[in-house]
Amino acid sequence: MMNSRLGFVLTLLLFYWLKNLWAYNIDFSLDVGNLYQIFLTVINPLPIALLVLGLPLYITNTKAFYTVEFAVYIILNFLLLANVIYFSEFTDFITVSTMLASGSASAGLGDSALNLLKPGYIIYILDFFFLIYIFVRKKVNTDSRPFNKRAAFAVTALSGLFFSINLFMAEVDRPQLLTRGFSNTYLVRAIGLPAFTVYSANQTYQAQKERSEATAEKLAEVETYVSDHYAKPDAKYFGIAKNRNVIVIHLESFQQFLIDYKLNADGSEHEVTPFINSLYHSQSTISFSNFFHQVKAGKTSDAETMMETSLFGLNTGSYMVNYGGDNTAYAAPSILAQKDNYSSAVFHGNVGSFWNRNNTYKQWGYNYFFDSASFSEQTKSNSFQYGLNDKYMFADSITYLEQLQQPFYAKYITVSNHYPYTSLSGEADEEGFPLADTGDETINGYFATANYLDASVEAFFKYLQAAGIYDNSIIVLYGDHYGISNSRNTSLASLLGKDPETWTEYDNAMLQRVPYMIHIPGYSQGFISDTYGGEIDSLPTLLHLLGIDTSQYIQLGQDLLSPDNDQIVALRTSGYYITPEYTSYSGRTYFTQSGEEITNPDEETEAKLKEIREVASMQLSISDAIQTGDLLRFYNNEDLKPMDSSKIAYTDQLKQLESTAKDLGQKSNSIFSQNGNKTTQDLFQAPSYAELHDTSPSSSSSSSSSAP
Ligand code: GP9
Ligand code: MN
């Protein structure tokens with residue numbers, strides 16, 4: 001077979017395919033969930049490989065054909081092996097932007113990439129020995145007959161067809177896969193390594209193009225906008241939490257309607273989130289009742305971007321995925337490190353590459369990022385597709401949290417309350433909270449997982465108190481975005497005491513509220529503010545409470561506690577906004593207070609609406625200009641420097657923490673050091689719902705059932 005040109009091409013394709021399958025199963029972890037995805041991984045290395053290996057078939061000259069064919073094969077294999085090595089270190093695939101930024105990538109790889117080689121990798125070059133052998137020993141003949149051009153074209157066309165089928169199947173498995181691009185793992189799982197590399201080359205090309213067209217003058221325009229838009233802090237709140245630890249708890253998919261909600265089920269009422277409710281009403285909490293999420297396709301990543309950089313997510317795709325790893329940024333961790341010497345860390349039970357967090361967090365100045373690799377091994381009973389369940393994540397985080405030098409800025413991204421709201425199905429003792437009884441299973445499970453999240457947060461608070469962290473900290477809690485999508489809201493309506501028949505876009509808009517609370521232990525003048533705002537406003541609000549002047553920073557939100565706040569909430573879809581007076585959503589306009597639709601506005605109303613629309617769309621387009629042009633690279637501030645992300649590596653993190661403490665000696669003020677170099681791990685206790693409510697007969701006797 002190898003004596004013909006086509007046979008040779010197909011043999012190389014076969015070798016390459018087998019090695020891909022090997023890599024998928026042995027060296028990568030693709031998180032394959034079902035048979036359909038397995039099938040996708042089996043076929044996806046083929047189309048692009050056939051395409052590129054088939055291209056030399058157009059070449060007439062024998063020597064040229066074999067040389068080019070080999071070259072293509074070497075490149076394909078080099079890419080595969082490089083990804084295998086990279087994956088073993090970073091649990092991620094190599095994007096083209098990483099290749100281009102080889103300096104920082106190799107810095108991340110440590111002194112020598114050679115150390116990363118493992119004997120098992122020999123499998124990836126075995127075929128080369130074989131090929132060299134058969135050609136040198138003339139076991140096969142080179143085929144001097146040029147391949148028929150039409151037949152060559154047929155090969156190209158066939159690979160194109162295969163690729164289209166692959167893409168279509170991938171899209172069925174994960175709608176909007178390419179536009180959202182949420183995880184490199186998902187992409188490779190769906191379209192294979194070669195296609196992923198082409199995809200990422202295109203992303204990088206687009207980003208670079210816009211970046212190279214942007215100039216420093218553009219930033220000057222932005223600066224004018226920002227200073228006109230600046231809302232100065234209210235002296236009453238400025239600095240009331242100065243120098244305290246900041247603990248941010250990202251409440252996954254948590255909507256405002258859950259606050260104080262009681263689910264009617266099994267013949268009685270069940271308060272869904274009693275602990276978070278108590279925080280909401282606490283005298284030590286500044287809470288907001290009209291705080292809206294402003295995310296689009298980047299969902300969680302959009303929320304994180306807004307909360308920590310006070311810039312929006314993108315109109316299409318995710319900022320963190322497309323720009324997060326490259327753009328100059330001035331995010332909360334970096335500002336706090338420079339102004340008040342904070343250390344910083346993120347805790348999250350999913351793999352670090354999801355939403356490109358592993359790269360973005362470096363640009364944001366996070367010293368540490370503890371992802372699933374830092375925590376207990378995931379099993380069927382303690383995790384689900386988005387990672388380790390929250391109680392385990394909180395429990396496992398303590399080993400690292402207690403090592404952070406204070407003051408610290410620590411962010412916890414919870415995950416159990418994520419669609420499809422079945423994360424607890426493996427955990428029998430958590431099934432105590434009843435399911436709702438609507439025709440929609442997603443809605444039915446939402447309350448039980450929210451209850452679990454509530455209990456996880458409560459357990460964590462109890463730990464903070466027991467470990468002596470609480471009094472010197474402030475805790476910020478926010479819901480990242482809706483948990484129940486608009487298409488399901490009519491099924492939710494009856495649980496909210498509404499009639500699904502009369503459900504409107506106004507009702508959808510109002511459900512985009514999420515909690516935002518700043519809990520300040522010891523503070524006794526807490527209240528619930530009804531100021532209208534959104535995620536974009538969080539960073540300046542927080543920084544002012546911490547006593548940091550933001551007047552010179554490029555932040556697009558406004559302090560929610562400032563009397564100068566405009567209260568115009570721009571949603572990411574153009575033309576969508578919410579103010580205390582008007583709501584514009586899905587092409588319709590309403591009075592926010594009454595919900596009455598405005599179909600024929602008079603001239604005066606028309607003018608007001610137009611003005612609001614302009615303010616909202618200006619805020620979005622300024623954000624787009626900053627992000628797509630990477631304008632913050634031109635920003636100049638004596639007191640605030642861009643991050644040098646090459647100094648940050650998320651490897652051997654416990655060692656890094658311990659050696660910092662050692663260097664500081666007596667001066668180390670981590671919880672661990674303050675506790676006489678003893679761990680506080682055992683102070684974390686997370687009883688299950690069943691144990692708390694004594695709903696299972698074994699609950700009081702078995703302490704082993706408590707998670708974790
Ligand atoms: C995954 C998690 C989910 O790591 O943050 O993101 P989402 O699907 O909500 O955008
Ligand atoms: Mn989310």
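Colleague: In this predicted model, is K498 buried, exposed or partly exposed, and how should I read such a value?

Modeller: The general idea is that partly exposed covers what lies between buried, under 20% relative accessible area, and exposed, over 50%. K498, at 41% relative accessibility, therefore counts as partly exposed.

Colleague: Which residue does the side chain of K498 meet in a salt bridge?

Modeller: The general idea is a side-chain nitrogen of Lys or Arg within 4 Å of a carboxyl oxygen of Asp or Glu. Here K498 meets D507 at 3.3 Å, N to O, and D507 is buried, with a relative accessible area of 10%. By this rule the model holds 18 salt bridges, including one between E597 and R588, also 3.3 Å from N to O; E597 is partly exposed at 30%, and R588 is partly exposed at 39%. Salt bridges with shared partners also join E304, E308, R357 and K411 into one network.

Colleague: How are K218 and E221 placed along helix α12?

Modeller: K218 and E221 are three residues apart in that helix, residues 216–229, and so are separated by about one helical turn; their side chains meet in a salt bridge of 3.7 Å, N to O.

Colleague: Which residues form the nonpolar patch on the surface?

Modeller: I122, I125, L126 and F129 form this patch, with about 370 Å² of accessible area together. I125 lies in the loop between α6 (102–108) and α7 (126–136), and its relative accessible area of 35% makes it partly exposed. An unreviewed UniProt entry annotates residues 119–136 among its "transmembrane region" stretches; over these residues the chain is 61% helix and 0% strand, with the end C-alpha atoms 26 Å apart.

Definitions and conventions. Residues numbered from 1 in each chain as written. Chains lettered and ligands numbered in written order. Predicted model: local features only at pLDDT ≥ 70, side-chain atom pairs only at ≥ 80, totals over all residues. Heavy atoms only, no water. Patch = residues over 30% accessible without salt bridge, like charges linked within 9 Å, V, L, I, M, F, W, Y side chains within 5 Å. Areas by Shrake-Rupley, 256 points an atom, 1.4 Å probe, with all protein chains shown as cover. Helix = DSSP H or I, 4+ residues; strand = E, 2+ residues; numbered from the N terminus. Buried < 20%, exposed > 50% of the residue type's maximum accessible area, 1.4 Å probe, protein only. UniProt positions renumbered as here; feature names shortened; annotations may be inferred.
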